[in-house]
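I wanted to look up a helix and a few loop residues in one protein model, and I kept notes as I went along.

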Amino acid sequence: MTVKVPAQAKRVKYVYIPADVHEQIQEREIDVPEGREVECLLDCLKDHFKAAGGTKTAAQREAQKQQLIAQVGAESAAKLSEQMLAAALDMQMVETIPLLVNNRDSGFVGVNMYCDDQAQVKELPLNMRASNIADCCGKPMQVNGDVFLARLFDNDDAFVRLDLGLPEVTSTAAWVAAAAAQAARRMQQGDRAADFMAQMQQQQRKQGQAAAAAAVPAATVRELTPAEAEKEAGNAA
């Protein structure tokens, strides 16, 4: 099946979900320069997360440092200069969580949730509304800090940013239902895989039991003669 690649609009809509429940969910727009379809949004979100996250305390920086050492390994971390380590700690990244996965079933259209990758280190507050949306999509999780939602087309050959408007951020939206259906299918596939493994293990146990039984000499069963029966009765007495 041939999938038509949508045209890239010069400007697209995306949605901002503040962690603060007193702030309204907002629809925003961003320019999409040719050749920067991926970076245009991510760079904008990095700036937001860096400003909204505030300044990390000494304890938070130390916790982040230990996480970094655990990730790269103590030997590799020891080779980093203080300047390189400080730069790594100050680097702001964006965590991408696919709610609707862009695969063939979805026409390669997906919806991603974008979070501050340092939300835990910064001890950012729970984003209840974003957590609820993820739950509706079949991906229960605790989301912290401000969050953004955006739609995209990506078939590995072409990447196009698409509109995601504020009216679509609801539990009854079509893309949320599609995401939940995807999650249910993945769970069923996982259950089938688990059932298959259980059947294989049961079959292996049966084969092992049959092999063990075959290794034991079979007992010969026959009717006793009158003399043998009398002898057995005497032994029993």
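These entries follow the helix first and then the loops.

**Ground rules.** I am working with a predicted model, in which local features need pLDDT of at least 70 and side-chain atom pairs count only at pLDDT 80 or more, while totals for chains, interfaces and linings use all residues. Residues are numbered from 1 along each chain as its sequence is written, and side-chain values use heavy atoms, with hydrogens and water left out.

**Helix α1.** I took helices (H or I, at least four residues) and strands (E, at least two) as DSSP runs, numbered from the N terminus. Helix α1 covers residues 39-52, and its 14 residues reach 20 Å from the first C-alpha to the last, close to the 20 Å expected at 1.5 Å a residue; the expected span is 1.5 Å times one less than the number of residues.

I then asked which residues of α1 are buried. Buried means under 20% relative accessible area, exposed over 50%, and partly exposed in between, with a 1.4 Å probe and protein chains only. I found C40, L41, L45, H48 and F49 buried in α1. Seen down the helix axis, the buried residues fall within an arc of 155°, so they line one face of α1; the arc is that of the directions from the helix axis to the C-beta atoms. An α-helix has 3.6 residues a turn, so residues three or four places apart point the same way. On the other side of α1, I noted D47, K50 and A51 as exposed. The cover over the buried residues of α1 includes β1, β2, β3, β4, β5 and β6, where contact means heavy atoms within 4.5 Å.

**P18.** I located P18 in the loop between β1 (11-17) and β2 (26-31), and it is buried, with a relative accessible area of 1%. Not counting residues up to four places away in sequence, P18 touches E23, Q24, I25, N127, R129 and D146. P18 and N144 are 126 residues apart in sequence, yet their C-alpha atoms are 9.8 Å apart in space.

Most residues other than glycine have a negative phi. F108 sits in the loop between β3 (94-100) and β4. E123, also not a glycine, has a positive phi of about 55°; E123 lies in the loop between β4 and α5 and counts as exposed at 63% relative accessibility.
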